[in-house]
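Visitor: I'd like to go through the pockets and the ligand in this one. Can you put it up?

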Amino acid sequence: MPSVEELKEKALSILGNAYAPYSGIRVAAAIEAEDGSVHLGVNVENASLGLTICAERAAVAAMITAGRRKIRKVVIVSSTPEPLPPCGACRQVLAEFGDDDTVVVSFSAATGERMEWRLGELAPYMITVKKIVEER
Ligand code: THU
């Protein structure tokens, strides 16, 4: 199983691939799925701004494409001076495939500053497929 440090290194290795001509903020995410496989994503901005895809959601799409369904850890690396917490849309999408205990760690690539949360504190009371199915 990859350590947070290994996930950080993998995210750092693709940070330069981020497409962020509008904000100038580069973000990369590495997701560890429950079998230990790692899935990567970077932010993909768009001239419409609203169609921008965050690194976390790009990594979730890569994980699902690879046939995995469960997130164990998410490591985010950003070019900002402070670690970026996942945006609200990403929290909702992470909640679809993670649970309250899923670890989310964010690093500033610029300063090395680190922040860590559990998904349950970032995204409490999220509706998920599991809850919908259980209530049927
Ligand atoms: N961004 C991410 O990729 N992930 C986050 O958690 C927060 C924001 C991106 C979106 C946009 O391209 C840039 O960072 C500035 O918001």
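Visitor: What volume does the second largest pocket have?
Guide: About 200 Å³. Bear in mind that this is a predicted model.

Visitor: Which residues lining that second largest pocket are closest to its centre?
Guide: Ile25, Val27, Asn43, Cys54 and Leu84, out of 14 lining residues. By class the lining has nine nonpolar, three polar and two charged residues.

Visitor: And where does the ligand sit?
Guide: In the second largest pocket. There are 13 residues around the ligand, and Asn43, Glu45, Cys54, Ala55 and Glu56 come nearest. That shell divides into eight nonpolar, three polar and two charged residues.

Visitor: Which polar atoms lie by an oxygen atom of the ligand?
Guide: A polar side-chain atom of Asn43 is 2.9 Å from a ligand oxygen. For Glu56, an N or O atom in the side chain lies 2.5 Å from an oxygen atom of the ligand. Pro85 contributes a polar backbone atom, 3.5 Å from a ligand oxygen.

Visitor: How much of the ligand does the protein bury?
Guide: 82% of the 370 Å² that the ligand exposes when taken alone.

Visitor: Switching over: how much space lies in the largest pocket?
Guide: About 300 Å³. It is lined by 19 residues, with Ala95, Gly98, Asp99, Thr128 and Lys130 closest to the centre.

Visitor: Which elements give two or more residues to that lining?
Guide: α3 (88-97), α4 (119-122) and α5 (129-135). The largest share, four residues, comes from α5.

Visitor: And the lining of the largest pocket by class?
Guide: Eight nonpolar, three polar and eight charged residues.

Terms used. Residues numbered from 1 in each chain as written. Predicted model: local features only at pLDDT ≥ 70, side-chain atom pairs only at ≥ 80, totals over all residues. Heavy atoms only, no water. Near = heavy atom within 4 Å. Polar contact = N/O pair within 3.5 Å; in protein donor to acceptor, adjacent residues only side chain to side chain. Areas by Shrake-Rupley, 256 points an atom, 1.4 Å probe, with all protein chains shown as cover. 1 Å grid on protein atoms, 1.4 Å probe; cavity = no way out; pocket = protein on both sides within 12 Å on 5 of 7 lines; lining within 4 Å. Sits in = over half its atoms within 2 Å of the grid points. Nonpolar A, V, L, I, M, F, W, Y, C, P; charged D, E, K, R; others polar. Points joined across faces, edges and corners; volume = space filled by probe spheres on them.
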